[in-house]
Amino acid sequence: MGGISADQVKELRSRTGAGIMDCKKALAESNGELEGAIDYLRKKGLSAAAKRSGRTTAEGLVSSYIHAGGKIGVLVEVNCETDFVARNEEFQTMVKDIAMHIAAARPLFIQREEVPQDFLDRERGIFREQAIGSGKPEKIVDKIVEGRLDKYYGEVCLMEQPFVKDTDITIKDLITRNIAKIGENIQIRRFARYELGEGIEKS
């Protein structure tokens, strides 16, 4: 551990929330380079989070967010494994951040597996017509369509959207980081977003 200072460990802990020994090991593995140590911890966290993803989540929190002077409202249910974590301030802050994100980003689904087939077929048809209409060669149209569909998932699926408070990560990344930090499986179960006057034709 020679050459690794207490200040480096403190900085890494403040940026990742990892334990002291994990931070020391990460810094040793990355030869004292902070960004490399963060990558090491993220990879370790992702691995740990994957192991927890099959655990039952029967506790959690329902949170609300009201925006724009009462014109937009969100309810979201986020589940965890224990009531202890549900009362954890860090977990509660994450849930409120997700509710705020939903208000701002307008997702339609939680993840791509929830998108109905007829919905996908309609979007594929639109993307295909756009590609053909722009003069793209037929042999690459399908590839273009799938690329645009992937981008579309990132716009309408909550888990794939860039987090509004840190666009370098997605909501899935946010959940995964908190699974690694808190040590329990976390799942977004459902949400509802309401906007004043939505669906009403104004005369």
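At what angle do H5 and helix H8 pack, and how far apart are their axes? The views below get to that, starting with the whole chain.

**View 1. The whole chain, piece by piece.** This is a predicted model, where local features need pLDDT of at least 70 and side-chain atom pairs count only at pLDDT 80 or more, while totals for chains, interfaces and linings use all residues. Residues are numbered from 1 along each chain as its sequence is written, and side-chain values use heavy atoms, with hydrogens and water left out. You'll find eight helices and five strands here; helices (H or I, at least four residues) and strands (E, at least two) are DSSP runs, numbered from the N terminus. Walk along the sequence and the pattern reads α-α-α-β-β-α-α-α-α-β-β-α-β. Of the 203 residues, 34% count as buried (buried is under 20% relative accessible area, exposed over 50%, partly exposed in between, with a 1.4 Å probe and protein chains only).

**View 2. The open sheet of three strands.** The strand order is S1-S2-S5, and the pairing is antiparallel. Strand S1 (59-67) and strand S5 (187-195) sit at the edges with a single partner strand each, so one side of each has no neighbour in the sheet. On average, neighbouring strands are turned by 10° against each other, direction ignored. Axes are lines fitted to C-alpha atoms, for helices over the stretch in contact, and angles run from 0 to 180 degrees between N-to-C directions. Nine bridges link S1 with strand S2 (residues 72-80) in the antiparallel sense; two strands pair if DSSP finds at least two bridges between them. Look for histidine 67, which stands opposite isoleucine 72 in S2. Helix H5 (residues 89-105) packs on this sheet and touches S1, S2 and S5, with its direction at about 140° to that of S2. Touching, or contact, means heavy atoms within 4.5 Å.

**View 3. H5 meets H8.** Here's the answer to the opening question: H5 and helix H8 (residues 171-182) pack at about 175°, with their axes 11 Å apart. That makes H5 roughly antiparallel to H8 (angles over 145 degrees count as roughly antiparallel, under 35 as roughly parallel, 65 to 115 as roughly perpendicular and the rest as oblique). H5 brings Glu90, Phe91, Met94, Ile98 and His101 to the contact, and H8 brings Ile171, Leu174, Ile175, Asn178, Lys181 and Ile182. Sort these residues and you get seven nonpolar, two polar and two charged. Ala, Val, Leu, Ile, Met, Phe, Trp, Tyr, Cys and Pro count as nonpolar, Asp, Glu, Lys and Arg as charged, and the others, Gly among them, as polar.

**View 4. Histidine 101 and its surroundings.** Histidine 101 belongs to helix H5. Its relative accessible area is 0%, so histidine 101 counts as buried. Leaving aside neighbours within four places in sequence, histidine 101 is in contact with Arg106, Leu158, Gln161, Pro162, Phe163, Val164 and Ile171.

**View 5. The S3-S4 hairpin.** Strand S3 (residues 162-163) and strand S4 (residues 166-170) run antiparallel, joined by two bridges. The two strands form a hairpin, with two residues between them. Phenylalanine 163 stands opposite aspartate 166 in S4.

**View 6. Isoleucine 132 in H6.** You'll spot isoleucine 132 in helix H6 (residues 117-133). Is isoleucine 132 buried or partly exposed? At 39% relative accessibility, isoleucine 132 is partly exposed. Not counting residues up to four places away in sequence, isoleucine 132 touches Glu138 and Val141.
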